[in-house]
Amino acid sequence: MDCKEVRRTLATGQSSALISRHLESCAGCREELAALERLDVELNLVGDVEVRPYFMTRLRQRIADRAQGGRSRWLRRTLIPLGAAAVCLLASITGLRIGRAVSARQVTNVATQAGLDLLDDSSTGSMATVSDVVFSGGDDE
Amino acid sequence: MTDAGAPDRDYELVARTATGDQVAFEELVSRHERAVLNTIHRYVGEYDAADDIAQEVFVILWRKAGSFKGNARFSTWLYRVVVNQCLQFRRKRRARPGTVSLDSMDGDNPPESLQVAEDHEKRRRAEAVRSALAQLPDRQRIALVLAHYEGHTYQEVAEMMQTSVSSVESLIFRAKCSLREKLIDQI
């Protein structure tokens, strides 16, 4: 084994009979091993920290919040599109009704101006009948 | 360090946790919380962040306990979550410039009463080590923390980091070379 290989192996904390033999005859690698041991001592100066008080209580709360958040997210994901769809549908229906009412009123106005007596029946007749009369100019009479 | 002597107990507890057994979950947490917190703290260098990440790790354990199939040791599975959360934290920090740097490891230490009593000189040297650790690239640092501080074998570290044993050896070799250069004045 050459020094490079030995030093790489030493750094990973491994050892073998081959390495021990090499170390007996190589002062450079012995110094390398000593330096690595000193490094380990220094690394161990970084001590442990303690778990913060009420770790478990806070964990329980976090899990509960997350579950609550999950439900809220589910509700938001489900209810918002449903609500939006309902509003759109309602708006469409309302718009359609208003449109029909407006067009019926316009037809009535035009018919009145044209002096068509058939309009007397408009309250009982369908708008289609009235429109037919208006657009045909009341020639049927 | 993780209680490696009783993996059977872990298997039992995680199986019960997967069924929603809160008592089993809390025992599992109490068996691993200290080791998990210290691993994360040595990696991120900030006590508040480490506490937060540790909590997140156990939330994941609660939610995903069912995905542990028992093919590996429970601690390997748990530390894989730890590694992922640590690396994710690091990525988020990088993506948000202006937040406190991870490298300022002395900025957020645990309360004095929680730290091991150290004399002034020891504390100075420990601070130099923390600072040197903080400057290591992410994967070198996490490999060193798991192997050196938590005492996991290279095989276990490789499984936790989802890499090969030779990669772990290489990461640790480079980490130690780098640390020796940075700590040249004190070793």
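F55(A) and F58(B) are both buried, a term that stands for under 20% relative accessible area, with exposed meaning over 50% and partly exposed lying in between (1.4 Å probe, protein chains only). In this predicted model, local features need pLDDT of at least 70 and side-chain atom pairs count only at pLDDT 80 or more, whereas totals for chains, interfaces and linings use all residues. Side-chain values use heavy atoms, leaving out hydrogens and water, while residues are numbered from 1 along each chain as its sequence is written, with chains lettered from A and ligands numbered from 1 in the order in which they are written.

Rings of Phe, Tyr and Trp (its six-membered ring) pair if their centres lie within 6.5 Å; planes under 30 degrees apart count as stacked, over 60 as edge-to-face and the rest as tilted. By this rule there are six aromatic pairs over all chains. One of them joins F55(A) and F58(B): the ring centres are 6.0 Å apart and the planes stand at 90°, so the pair is edge-to-face. This pair crosses between chains, linking helix α4 (residues 55-114) of chain A to helix α3 (residues 47-64) of chain B; helices are DSSP runs of H or I with at least four residues, numbered from the N terminus.

Turning to chain B, Y11(B) and F68(B) are stacked, at 5.7 Å centre to centre with 15° between the planes. Y11(B) lies in helix α1 (residues 7-18) and F68(B) in the loop between α3 and α4 (74-95), so the pair ties together parts 57 residues apart in sequence. Y11(B) is partly exposed at 28% relative accessible area, while F68(B) is buried at 10%. Together with F74(B) and W77(B), these two residues form one aromatic cluster.

Terms used
Helices (H or I, at least four residues) and strands (E, at least two) are DSSP runs, numbered from the N terminus.
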